[in-house]
Amino acid sequence: MSKFAIIGMAGRFPEADTPDELFENLLKGKSSFRPLTTEEIENSPYSRDNNFVPITSTLKNVYGFDNELFKMSGSEAKITDPQQRIFLKCCYEALEDSSEINSNKRIGVFGSSAQSSYLISNIFASRGIDNRFDYSTFIGNETDFNATRVSYKLNLNGPSLSIQSGCSSALVALNEACQNINCGTCDIALVGGVSITFPLASGYSYNEGSTFSKSGQLRPFDESADGMIKGDGCGVIVIKPYDEALKDQNNIYAVISGVGISNDGNSKVGYTAPSIRGEKEAILMAIKNSKINPEDISYIETHGTGTKIGDPIEARALFQSYNFKTPHQIGSVKANIGHLDTASGIVGLIKGALILKNSVIPKSIGFNSENPQANLKKYNLYVNSQENTNLPTESKNYVAVSSFGIGGTNVHVILESDIFSSDYQSNKEKTYTVQISAKNEKSLDDYRYKLADYLEKNPDIELSDIARTLNMGRKHYKNRYNFVANSTKELRNKLISKDTTEMDPDHEYVGKFVKLPTYSFYEKNFSMIPKKKAIVSIDPKRRWNSLNEEKIIEELCRVWEQELDEIVSEDSDFFELNGDSLLGIGVIESINKTFNIDLGSDMLISYPTPKKLAKVVYERLKENTEVDTSNIHCLYKKGSGAKNLFLIHPAGGSIFCFKDLVHNITNSNMNIYAISFPKNIDSQLTISELADIYVKQIKKIQKDDHFLLGGYSFGGNVAIEIARKLEEDNKRVDKILMIDSLTPNAYSDDRPSRDSYLKIFPMAIHLMLTKSNDSSLDLAKEFKYLEGIDDIEKIIIKMKEQGDIHKNIDNHYLVNIFTVWENNHLALLSQSEKSVHTDITIFSADSDMPDIMYSSLKMNKTKSEEWANYSFGEVNVVRIPGNHFTCMSNPEKLSILAKKFEEILEDLEDNDFKK
């Protein structure tokens, strides 16, 4: 057969948003399986089953979607299965990665997707399962329309086919794509698959005799293997004829040299069972088509589902096909991320291509001892679980990939490394004008920083290659920046400083297409959430500070949907939804009850959409309620001409720690404010919602656009989120000062139990209140007398009796601190990881917290230097004595911290920025 080059790829995988991140996880031997949180267990439809297995391997941001880029209304996005949305995003990214997104050639789409569980779990549950048939919902969730949606949205004119053959669907799609290119019906092809199961992160129910794992572990070819675990994900590649890719100077990941496809027929014990003969026929066909010597295969990415029957059959089929004379390595990505169903084959292919591109085979996980039924040693096969294996770079390497589907359709693909791509000699003296562009300014600036960060990590990329890739291999939108540079380093510096030019981008190149970051989507969350009990009203005195126009729009959409029984987006026109004056009276009445305001019944005439009406509601609420700043206290005052520093409270909400810190500061020309957790608001807020409150309060105090922020522990994480929101509002945050704040990756997705918080709280209070310098106490032993007490007030009373808390401290005060502390700590589990643009100084305690706190609260030990992963600015780590608590509670250590803190403030005072 003809050879095809893989010239682009994209994907979303468990704990990885790109193929590169996935491969990095594989090299680290990372498992993306995790236990369900308490909330996920409560929401799981399987949690009451006797054989419930609370394990998941899923994606982070399933509902995020850039509807403006893809010209999709909010209501259409909501009713479209996230599988189709994510597949569309990945196709766009893969075309950019291939630098073929502007191609005038015929591009085909060959994709597969799992059956839409979103339709049942989300749409039916939110609208009522007995709703009349809705064709727009049908095409947004039926597998038939996955590929054609991509062709329509990206204006692709080649054949567009949705391929369904169970687990092997994506590689069957690859075979179909190769055949279509050979036949001349398209010149380039997008190939991929997606599978996401709803409800998300719900685990599964094990049934005796099923293919699912009873133990909650997936161990391909291992003696203890007992089945598979479902994972969620999507993968897409771009292919074109190999000789064309060489001529066009595409970036080539790997070369497809042979594909074999077959079906088992009925030569097996049952419809769902695998067949040695069927798998063997596909493998032999691939070997024949590729014309390789089987002994040249470096690695085989197997189907490897970890089942007692399937793995031995696959091993035997490999033996009968390849008949290896020397040991050959095998493995399965499913051990890391689970079985991705219709997307499993494309993920295996992406892994195989990256093995050849990077010349290294990742070590396998989940393997301890061989399944004796698999006879690996006898068949000259082995699993390497010890270390990554480097491949020779001076010669061609080969990788094979298998994907077998229930029902018997088998596919085997042989890949080879590309060693013939030419390296053009660029003119290092030449100056190039490079363009980046985006649909909106937010995406454009995000991409500017993303590209700068990438060039910093990859400084050896030639400028001529960058110019060719960006100017010819990317879409060009109305929002754009042009940069003139004569080196990659100069381009990076100009990207950061936004030193643009009016000169037009170059279109004469001697370079080649190279791998660069793809588009920065401006995403919003679109989901049909199953109906819960409606909120009767929103008390402006308690909820105003946490409301913004976006939340008001969501609430208005909810009210309209209830009144009109229609899907409503922010731009839905009331009268175009067949609303009339009588319905309008009902809608306005519901809105008035919800927000405790008084709008006239004719308001919809002038403001007929939720988005327009939200502005009126927002202003009416603003008139009724002033922004309360009673929780902000000025601890150090220099007057109206001085700079302001805002310090955010730790998780417990109290700011007494800052009072002691500022007391040790002797000479500062700043106003230092401390923000405590507000009274009379719901403590179960996300960090984003809490930051919304503090942004409003800070803006009321400070009127200019330059801000200084800080915080202790949890407060530093909130300060980062405040900075994000200020930057989105085109404000500048000049510095964030953190006192021993832990990076987001310190907090696992696994939610600690209430008992864990009850256990740790007395220890934390003890360390904060005793001002002790003793870090050697056995805290578990110290508070053994509290075992069995499961009520926080009873714990406080007992501690007072033991003398561990002063008797004069009010019980209610401590109970409130516990409640706020627990909820704020839980909020850390879902904080944003998006980078800010400001500089950070982190005062880092030189000792860890007691180990019992990490283990009980399911936290990871991290390094303060890792804050560099969350800021594009400079990150400066200042070491301070003590641990997380004693650095602030012990007077001796606090005085040292205060001195270093004051030194940083003096540096800031010298900075020349607008007050």
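I take axes as lines fitted to C-alpha atoms, for helices over the stretch in contact, with angles running from 0 to 180 degrees between N-to-C directions. Helices are DSSP runs of H or I with at least four residues, strands are runs of E with at least two, and both are numbered from the N terminus. This is a predicted model, in which local features need pLDDT of at least 70, side-chain atom pairs count only at pLDDT 80 or more, and totals for chains, interfaces and linings use all residues. Residues are numbered from 1 along each chain as its sequence is written, and side-chain values use heavy atoms, without hydrogens and water.

Entry 1. I looked up helix 23 (residues 687-701) and helix 24 (residues 714-728), which pack at about 70° with axes 9 Å apart. Helix 23 is therefore roughly perpendicular to helix 24 (65 to 115 degrees; under 35 is roughly parallel, over 145 roughly antiparallel, the rest oblique).

Entry 2. I looked up helix 1 (residues 19-27) and helix 13 (residues 344-358), and found an angle of about 75° and axes 10 Å apart. This pair, helix 1 and helix 13, is also roughly perpendicular.

Entry 3. I found Asp264 in the loop between strand 11 (254-263) and helix 10 (276-290). Asp264 is buried, at 3% relative accessible area (buried is under 20%, exposed over 50%, partly exposed in between, with a 1.4 Å probe and protein chains only). Leaving out residues up to four places away in sequence, Asp264 touches residues including Arg277, Glu279 and Asn410 (heavy atoms within 4.5 Å).
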